[in-house]
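The following note sets out several points on the structure shown below.

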Amino acid sequence: MTDDTPRLPDDTVSLTEGTRIPLLGFGTWQIKGPDAVRATSTALETGYRHLDTATVYGNEREVGRALAESGIPRDDVFVTTKCPPNRAGQELSTLRESLELLQTDHVDLWLIHWPADGSANTEMWHAFVEAREAGLAREIGVSNFDIPLIDEITNATGAAPAVNQIEWSPLLFDAETLAEHRARNIALEGYSALRGGTLEHPAILEIAERTGRSPAQVIIRWHLQHDVIVIPKSVHADRIRSNADVAGFSLTDDDMATLDALGGR
């Protein structure tokens, strides 16, 4: 290992069905075409073993191609995709389309991308449970759901989501939200961690300077130490590698408390 080789974390959390999901994943939102192939390939070469895509991203084919061409065994990579609520009633056909594009016979996690209207959430969730039972998705979950909606679909089906993927960063930290998910044994997964002014926040910049790390690395490390899944994305190879290089340091309890407190401001 050379001095510039990223030190990737190997932290994972166990989900509902016993699957372990890497806390660090590679997000692919807004990455399309050849950029999606190149960025995903770079992420896999760097050592990421968790890829996050979605039907509406329009890049499942490219993500699947990068994974297939990487030579990495399929079982070594955790793959997430998502179904939009406008596909209600067509859930299983949507998933099969995703599997074909991704060149795999299953995904590790399948999410309802955002809430539907009225009773459609519960109807969709029944189909998701069916997909899990059929082996098409090892774990199932939701995205952008609040706790009442999660309880609604859980109570209606007897099956709780394994994951809820929501917008999350130190500036959005809410201890009650985290505790409510933990109480239900639902893993919290954050997206857009490096947006919304986080990279320029004075408190984050101070910790980054003091630790000799980038602001992005500080934010990603904060997620990991909270056991919150994080999926930074970039099309730039140097940033993809830098965002993964977070195993060689830890934030102190005081640093964590400082970052947590940003959510209340």
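1. W125 and F128 are separated by about one helical turn, because they stand three residues apart in helix α4 (residues 120–133). Helices here are DSSP runs of H or I with at least four residues, and strands are runs of E with at least two, numbered from the N terminus. The model is predicted: local features need pLDDT of at least 70 and side-chain atom pairs count only at pLDDT 80 or more, while totals for chains, interfaces and linings use all residues. Residues are numbered from 1 along each chain as its sequence is written, and side-chain values use heavy atoms, with hydrogens and water left out.

2. W125 is buried at 0% relative accessibility, and F128 is buried with a relative accessible area of 0%. Buried means under 20% relative accessible area, exposed over 50% and partly exposed in between (1.4 Å probe, protein chains only). The rings of W125 and F128 form a stacked aromatic pair, 5.8 Å centre to centre with 25 degrees between the planes. Rings of Phe, Tyr and Trp (its six-membered ring) pair if their centres lie within 6.5 Å; planes under 30 degrees apart are stacked, over 60 edge-to-face and the rest tilted.

3. Five aromatic pairs are found in the whole structure. Among them is the edge-to-face pair of F26 and Y48, at 5.6 Å centre to centre and 65 degrees between the planes. F26 lies in strand β3 and Y48 in the loop between α1 and β4 (50–52), so this pair ties together parts that are 22 residues apart in sequence. Both residues, F26 and Y48, are buried.

4. I31 is placed in the loop between β3 (26–27) and α1 (33–46). I31 is buried, with a relative accessible area of 2%. Beyond its neighbours within four places in sequence, I31 is in contact (heavy atoms within 4.5 Å) with F26, A36, A39, N59, K233, S234 and V235. The C-alpha atoms of I31 and N59 are 7.2 Å apart, although 28 residues separate the two in sequence.

5. The second largest pocket is lined by 13 residues, and S14, R182, N185, I186 and A187 lie nearest its centre. A pocket is an open set of points on a 1 Å grid over the protein atoms alone, where a 1.4 Å probe fits, with protein on both sides within 12 Å along at least five of seven lines; lining residues have an atom within 4 Å of a point. Helix α6 gives the largest share of this lining, three residues.
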